[in-house]
There are 4 protein chains.
Amino acid sequence: MKRKVALTFCLAAILALFLMTTGEAATHRFKPTPAQYYYLFGGGKAALKVAPGDRVILWCEDALNGKIRSTDDLASKSGQRPNPQTGPIYVEGAEPGDTLAIKIVDIQFDRDYGWSPLPPYGGFLQSNQFTRMLQDPLPEVMYIYPINKERKTTTFVSHLGKEGYSVEIPWDPFMGTLGTAPAGGEHIDALTPYWHGGNMDCVETKPGTTVYLPVNVPGAMWSTGDIHVTQGDGEIIGGAIEITGWVTIDVLPLIKGKKVNTPRFENDEYLMSVGSIRPLDDCLRIAYGDMVDWLMEDYGLDRADAYQLLSQVGRVRVGNVVDTLYTVVAKFPKKYLPRK
Amino acid sequence: MKRKVALTFCLAAILALFLMTTGEAATHRFKPTPAQYYYLFGGGKAALKVAPGDRVILWCEDALNGKIRSTDDLASKSGQRPNPQTGPIYVEGAEPGDTLAIKIVDIQFDRDYGWSPLPPYGGFLQSNQFTRMLQDPLPEVMYIYPINKERKTTTFVSHLGKEGYSVEIPWDPFMGTLGTAPAGGEHIDALTPYWHGGNMDCVETKPGTTVYLPVNVPGAMWSTGDIHVTQGDGEIIGGAIEITGWVTIDVLPLIKGKKVNTPRFENDEYLMSVGSIRPLDDCLRIAYGDMVDWLMEDYGLDRADAYQLLSQVGRVRVGNVVDTLYTVVAKFPKKYLPRK
Amino acid sequence: MKRKVALTFCLAAILALFLMTTGEAATHRFKPTPAQYYYLFGGGKAALKVAPGDRVILWCEDALNGKIRSTDDLASKSGQRPNPQTGPIYVEGAEPGDTLAIKIVDIQFDRDYGWSPLPPYGGFLQSNQFTRMLQDPLPEVMYIYPINKERKTTTFVSHLGKEGYSVEIPWDPFMGTLGTAPAGGEHIDALTPYWHGGNMDCVETKPGTTVYLPVNVPGAMWSTGDIHVTQGDGEIIGGAIEITGWVTIDVLPLIKGKKVNTPRFENDEYLMSVGSIRPLDDCLRIAYGDMVDWLMEDYGLDRADAYQLLSQVGRVRVGNVVDTLYTVVAKFPKKYLPRK
Amino acid sequence: MKRKVALTFCLAAILALFLMTTGEAATHRFKPTPAQYYYLFGGGKAALKVAPGDRVILWCEDALNGKIRSTDDLASKSGQRPNPQTGPIYVEGAEPGDTLAIKIVDIQFDRDYGWSPLPPYGGFLQSNQFTRMLQDPLPEVMYIYPINKERKTTTFVSHLGKEGYSVEIPWDPFMGTLGTAPAGGEHIDALTPYWHGGNMDCVETKPGTTVYLPVNVPGAMWSTGDIHVTQGDGEIIGGAIEITGWVTIDVLPLIKGKKVNTPRFENDEYLMSVGSIRPLDDCLRIAYGDMVDWLMEDYGLDRADAYQLLSQVGRVRVGNVVDTLYTVVAKFPKKYLPRK
C-alpha cells in the first residue's frame with residue numbers, strides 16, 4: 001500500500017506536468033489591500049480561491065509592512081505587527097487528510113532596498129523572552145541594503161558609515177513564511193513555525209523547490225509572505241534582508257488521502273524533511289526521523305538500512321534559531337535513492 | 001594590538017610557506033605499536049616530538065582497533081575501548097597561551113573495507129545514557145562497506161543482503177578526532193569533543209583544512225585518529241564509515257601568545273569556528289559567538305556589523321550529535337572578508 | 001509608580017476580602033453540556049459571565065471525557081480529544097492590559113476512581129513526536145485508581161494484579177489546566193501551556209493558591225479543567241491521576257492596567273512565577289527572570305540584590321515535562337520579603 | 001539475584017550500625033596544607049587512607065581558598081582557581097566495580113562570614129561561555145554574609161548598604177562537591193559534576209544523607225569541599241553562601257560487586273537518583289530513569305509499574321544550573337516502597 005502512495009505521488013507529478021504543458025491552468029495575480037493582510041495561520045476568510053494546477057502570482061509585503069524606509073526607522077518604534085501574510089488561499093478539493101503540494105517558481109523584488117535590524121533583545125546572540133537573561137540589550141540598529149538589479153546583488157553597509165565596512169552580497173531569494181491552517185482549530189501567529197509550516201525562515205523554500213504541507217481544514221487555507229533577499233543559516237540576528245515583491249507559485253495536484261506529518265520539501269537534488277520546535281536537538285530529531293519514515297514508506301528501505309544510509313549521506317540545513325520555535329531541515333541526496 | 005595579532009598570523013603563514021618551499025622541514029612517519037594507543041586527551045607520554053614546519057605522516061587505527069572484520073562482529077561484543085589516538089605529539093616551542101596550527105594535507109586508506117554500526121541504544125534516533133528512555137533498543141547491526149580504490153567510492157550494502165538495497169557512495173575522508181591536551185590538568189576521554197578539539201567528528205577536518213587548537217601544556221601534546229571514509233551531517237547512527245589509514249599533516253609555525261578560545265578551522269573558502277557542548281543550541285552560540293570575535297579581532301569589524309553581516313552570509317555545518325558532547329561549525333565565506 | 005502598582009494589588013486584596021465577607025458577590029454553579037466543552041484557549045463563545053468578586057463552582061470533565069472506565073479502556077483507543085475545558089468564562093470589566101486574579105478555594109471529586117495511562121510513545125521516558133526516536137513504544141497500559149473518600153486517599157494497583165505491588169497515596173488535588181485567551185488572536189490547544197497559562201499541569205494550582213493571568217481579550221475568557229487527584233513532579237508518564245469533579249474558584253478584583261508577562265501564583269507561603277516553553281532550561285530562565293522582575297517592581301529590590309537573594313532562597317517546582325511545552329515554577333518564600 | 005544485591009545493601013547497613021555502635025572504627029581528623037589542595041577528580045596522590053567503618057572529620061577551604069574577605073574582593077580579581085578539594089581519600093578494599101557509601105553526619109562552620117558573588121558573565125541569568133551572547137555583563141558585585149552562630153542564621157545585606165534591603169536567613173549547610181575518581185582515566189575539573197559526582201552543588205548532600213558513588217579506581221579516591229551555608233535551587237547566581245569549616249563523614253561498608261551508574265542519595269525520607277549533564281531535560285531523564293532502575297532492581301517493581309508510580313509520587317530537586325554541567329535529583333518517598 002505504501003508503494004501505492006508513492007505511485008500516487010508520481011502520477012500527481014505527471015499530471016502536474018501535463019496540466020502545465022497544456023496550459024489549461026488558470027493564473028491568479030493577487031495583491032492584497034492593506035486591510036487584507038493576515039497575521040495568523042488558521043482562521044480568517046479566503047482571500048483567493050484556486051484549483052490544483054493553477055498558478056498564483058502573489059504580492060507580499062515585507063516583515064514590517066513597509067514601515068522601514070531608512071536607518072532611522074527602528075524596528076522597535078515601528079508599531080507594526082510583524083509578518084503580514086498574503087492569503088489565506090483556498091484550494092478546491094483539498095480536504096483534511098490530504099497533502100498540499102506547491103512549487104515555488106519565481107521571486108521578483110519590487111523595491112530598490114531591503115532592510116535588516118539589530119533589534120533590542122534580538123536574535124540568537126542576545127537574550128530574549130525565552131532565553132531570559134538580566135543583561136541590558138545591545139544598542140538597536142537598522143541596516144538598509146541597496147538592491148542592484150543588474151548585478152543581482154545587494155550591499156551590506158556598516159552602521160558606522162564610511163568609517164565602517166561595506167561588501168556586496170549576491171541574491172538568493174526565498175519565502176520566509178509558507179504554511180497551511182493548523183490542525184485542531186489552532187490559530188498560530190505568523191511568527192511561529194510548526195507542523196503546519198509557517199515562519200520556517202528556511203533558505204530552502206526558494207524557486208525550484210516543491211513544498212508539501214498538511215491539509216488540516218477544507219481548502220488547506222495556505223498563505224505566504226516575508227520575502228528574503230538572502231539569509232545566513234539560522235537568521236541569527238532575527239532578520240534576513242527583508243523586501244517586498246512578487247512570488248510565483250504553482251499549485252500542484254493534491255496528494256489525496258495521505259497527510260505529511262511535518263512539512264517536506266523537494267528539489268532536483270534533495271528530499272527534505274522539516275522539524276520545527278525547541279531546542280535544535282528536537283528539530284533535528286523530527287527532521288531526520290521523518291526522513292527515515294519517507295525512505296521506508298516511499299522507497300521501501302528497511303528501518304535499520306534507512307537509519308544507516310542516512311547517517312552516511314544526510315545533510316542538515318539550519319533554518320532559523322530566532323523565531324518562537326526553531327526550524328531545521330534534514331536532506332537526503334536523491335542520487336542515492338532506489339529507482340521506484 | 002589586535003592588528004598585530006592578525007599580522008602575526010600572516011607572518012606565520014608566510015614563514016610556513018617559506019619553510020615548506022625550502023624543504024628544510026623534517027618528515028616524521030609514525031605508526032604506533034598496539035601498546036602505544038592512547039584513549040585520552042591530556043596526560044600520557046609524548047609518542048613523537050616534532051618542530052613547527054615539520055610534516056607528520058601518521059598511521060591511525062579505526063575506532064575499534066580493527067576488531068570489526070565482518071557483519072558478524074558486533075560493536076557491543078568487541079570488548080574494545082573506542083577511539084585509539086595516535087599521539088600525543090609534542091611540538092617544540094609550544095607553550096601554554098599559544099595556538100597550534102596544523103594543516104591536514106592528505107588521507108590514505110590502507111584497508112579494503114570500512115564499517116559502521118547500528119549499536120544498541122546507539123545514535124541520535126535511539127535513546128542513550130543521557131537522553132534516557134525506557135524503551136528497548138533497536139536490534140544491533142554491523143555494516144561492512146567495501147572500498148573501491150579506483151572509483152574512490154565505497155558501497156552501502158543492506159543488512160538484508162540481496163533482498164535489500166545497495167548504493168555506491170563517493171569518498172570524502174576526514175579525521176574524526178583531533179585535539180590537544182586540555183587546560184587545567186583535565187584528562188578527557190577520546191570520545192568527547194570540547195574546548196581542546198577532540199572527538200569533533202566534523203566533516204570539515206579534511207585535507208585542505210588548517211586547524212587551530214589551544215596550547216594548554218608545554219608541547220601542546222596533540223593527537224589524532226578515527227579516520228572516516230565519509231559521514232553524513234551529525235553522524236546520527238553513532239558511527240561514520242570507519243577505516244584505518246595514513247594521514248599527512250603539516251605542523252605550521254606556532255601562533256605565539258594568543259590562544260584560541262575554541263577550535264578554529266580555515267580552508268580556501270571559509271573561516272570556521274567550532275562549538276562543542278550540549279544541547280545543539282549552545283554549540284551554535286559558541287561557534288557563532290566565536291566567529292563574531294574573530295571578525296572583530298582580526299578583521300576590524302564593529303560588533304553590530306559583525307553580527308549583522310554574519311547573519312546574512314553565515315553557514316552552519318553540524319558535526320556530531322551522538323558523542324558525549326555535540327559539535328557544530330559556524331562558517332564565514334572568506335570572499336566577504338575585508339582585505340587586511 | 002511601581003509602588004502604586006503594588007498598592008493597587010493591596011487594595012484589590014482588601015476589596016476582595018470585603019466583598020467576600022459581606023457576601024454581596026454572586027455564586028455561579030455551572031456544569032457544561034457535552035456540546036459545551038471547548039478544547040482551545042482563545043476563540044469560542046462565553047459559557048458563563050461573571051463579575052469580579054463572584055464565586056464560580058464549576059464541574060470539570062476528566063482529560064478524556066469520562067471515556068476510561070476500566071483497565072481495558074486504552075487511551076489510544078478512546079477516540080477522544082484530550083483536555084475538555086469548562087469555559088470560556090467572561091469576566092465583566094476585564095480589558096486587554098489587565099491582570100485576572102482568581103483564587104482556587106476547593107476541589108471536590110465526584111467519582112469513585114481516577115485513571116492514569118502508560119500511553120504508546122507516552123511520557124518523558126519514552127520517545128515522542130518531538131524527541132523522536134526509532135525505537136518501538138512500551139506496551140500500553142491503563143491504571144485505575146480507586147478513591148477512598150474517608151481516608152482521602154487513592155490506591156496504586158499494579159497492572160500485574162495480585163502478582164504486583166499496591167500502595168495507598170494521599171490526595172493532593174489541583175487543576176491541570178487554567179488559562180485565559182492568548183494574545184494576538186492565537187487559539188492554542190488545551191494540551192499546551194504558554195504565556196496565557198493553559199495546560200501547565202503544575203501541582204501549585206491547588207486550593208489556597210491565587211492565580212494571576214494576563215487579560216488579552218475583553219472579558220479575559222478564561223477556562224479550567226483536567227482535575228488531578230495528585231501528581232508527581234513532571235507528570236512524567238504523561239498523565240496524573242485523572243478525575244472529574246467540582247472546583248470552587250473566587251474571581252478576585254481585576255488588577256487594572258498592569259498585565260503579568262507570564263502566569264504568577266501566590267499562596268500564604270510563596271510568590272511564584274511560571275515559565276512554559278522547551279527545553280526546561282528556558283522554562284527556568286523565564287520563571288526566575290520574572291521573579292527578579294516581581295521583586296524589583298513590587299518590592300523595590302535592586303537588580304543585583306534580587307538576583308543574589310533569589311539565588312540563596314529560591315525554590316523550583318517542576319510542573320510538567322510531557323506536554324507540547326513544559327512548565328516550571330520558581331518560588332520565593334514570602335517570609336524573606338520586605339514589608340511593603 | 002537482584003534481591004541478593006538488595007540484601008547486601010541491608011547487611012552492609014547493619015554492619016555499619018554495628019561498627020559505629022561498638023566504636024571500633026577509627027576517626028581521622030584531617031586539615032590539608034595549602035599545597036595539598038587538589039582541583040580535579042581523578043589522579044593525584046591519596047591525602048588520607050581510611051577503612052570502611054571509619055569516621056573522617058575534614059577541614060574544607062571555601063570555593064576561592066579564603067581569598068574573599070570583604071565586598072571589595074571581587075571574584076574575577078582573586079586569581080584563584082576555584083573549588084579546592086580535600087582529598088583524594090583512599091578507601092581500603094574499594095575496587096573498580098564497587099559502590100562507595102558515605103554518610104554525611106555533621107557540618108561545622110569555622111568562620112564568622114560567608115560570601116557570594118555576582119560574577120561577570122556569571123550565573124544562569126547572564127550569558128556565559130556556553131550560552132554565549134554578545135551583551136555586556138552585569139556589574140560585578142561581592143556579597144558578604146555575616147554568620148550568627150547563636151541564631152544559626154546568616155544575613156543578606158544589599159550591595160547598596162543602608163539604602164538597600166537586608167534579611168536574615170537560616171542555615172541549611174551542605175557540601176557543594178563530593179565525588180570519586182572518574183572512570184576510564186579521566187581527570188575532571190572540580191567545577192564539573194558528572195557520573196562520578198563532583199561539583200553537584202545539590203542541597204541534598206547534607207547531614208543525614210548517605211551518598212552512593214561509583215568506585216572506578218582502587219581505593220575510590222574520593223574527595224569533598226565547597227561548603228555552603230545555604231543555597232537556593234539551581235544556585236542561579238553561580239555561587240551559594242561560601243564558607244570554610246569541618247565536615248564529619250562516616251565511611252560505610254563498601255557495596256561490593258555492584259557499581260551505581262550515577263550517584264544516588266538516601267535519607268530517612270527519600271531514595272534519590274542524580275543526573276548531571278546539559279540541558280536540564282537530560283539531567284531529569286537520567287535521574288528519573290535511574291530511579292526506575294532502582295525500583296525495579298532493588299524493590300522488584302515491574303517496569304510499567306515503576307514508571308507509573310513514580311509519575312504520581314516522584315519529586316524533583318534542582319541542584320545547579322550554573323556549573324559546566326547541571327545537576328538534578330529525582331526523589332522517591334520511601335513510605336511508598338514495598339517492604340523488603
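**Entry: chains A and D.** I began with the contact between chain A and chain D, working throughout on a predicted model, and found that twelve residues from chain A and twelve residues from chain D take part. I then looked up how the two copies are related: a rotation of 180°, with 0.0 Å of shift along its axis, superposes chain A on chain D with an RMSD of 0.0 Å. The two copies are thus related as by a two-fold rotation axis. The same surface serves both copies, and 100% of the contact residues of chain A recur in chain D.

**Entry: chains B and A.** I turned next to the contact in which 51 residues of chain B meet 51 residues of chain A. Which elements give two or more residues to the side of chain B that touches chain A? I listed the strands β7 (113-118), β8 (141-148), β10 (166-170) and β20 (315-320), together with the helices α2 (280-299) and α3 (303-313), each of them in chain B. Of these, α3(B) gives the most, with nine residues. By class, the side of chain B that touches chain A holds 31 nonpolar, 13 polar and seven charged residues.

**Entry: a sheet in chain C.** I followed an open sheet of six strands in chain C, with mixed pairing, and wrote down its order as β3-β5-β16-β11-β14-β13. At the edges stand β3 (48-50) and β13 (193-194) of chain C, each with a single partner strand, so one side of each is left without a neighbour in the sheet. For β13(C) I checked the pairing with β14 (residues 197-198) of chain C, which is antiparallel and runs over two bridges; within β14(C), C:Gly198 is the bridge partner of C:Pro193.

**Entry: two helices in chain D.** How do α2 (residues 280-299) and α3 (residues 303-313) of chain D cross? Their axes come within 9 Å and cross at roughly 125°, and α2(D) and α3(D) are therefore oblique to each other. I recorded the crossing of α2(D) past α3(D) as right-handed. From α2(D) the contact draws on D:Tyr288, D:Met291, D:Val292, D:Leu295 and D:Met296, while α3(D) brings D:Arg303, D:Ala306, D:Tyr307 and D:Leu310. By class, I noted eight nonpolar, no polar and one charged residues in the contact of α2(D) with α3(D).

Notes:
Residues are numbered from 1 along each chain as its sequence is written. Chains are lettered from A and ligands numbered from 1 in the order in which they are written. This is a predicted model: local features need pLDDT of at least 70, side-chain atom pairs count only at pLDDT 80 or more; totals for chains, interfaces and linings use all residues. Copies are superposed by least squares on the C-alpha atoms of residues with pLDDT of at least 70 in both. Two residues are in contact if their C-beta atoms, placed from the backbone, lie within 7 Å. Helices (H or I, at least four residues) and strands (E, at least two) are DSSP runs, numbered from the N terminus. Ala, Val, Leu, Ile, Met, Phe, Trp, Tyr, Cys and Pro count as nonpolar, Asp, Glu, Lys and Arg as charged, and the others, Gly among them, as polar. Two strands pair if DSSP finds at least two bridges between them. Axes are lines fitted to C-alpha atoms, for helices over the stretch in contact, and angles run from 0 to 180 degrees between N-to-C directions. Angles under 35 degrees count as roughly parallel, over 145 as roughly antiparallel, 65 to 115 as roughly perpendicular and the rest as oblique. A crossing is left-handed if the near helix is turned anticlockwise from the far one by less than a right angle, and right-handed if clockwise.
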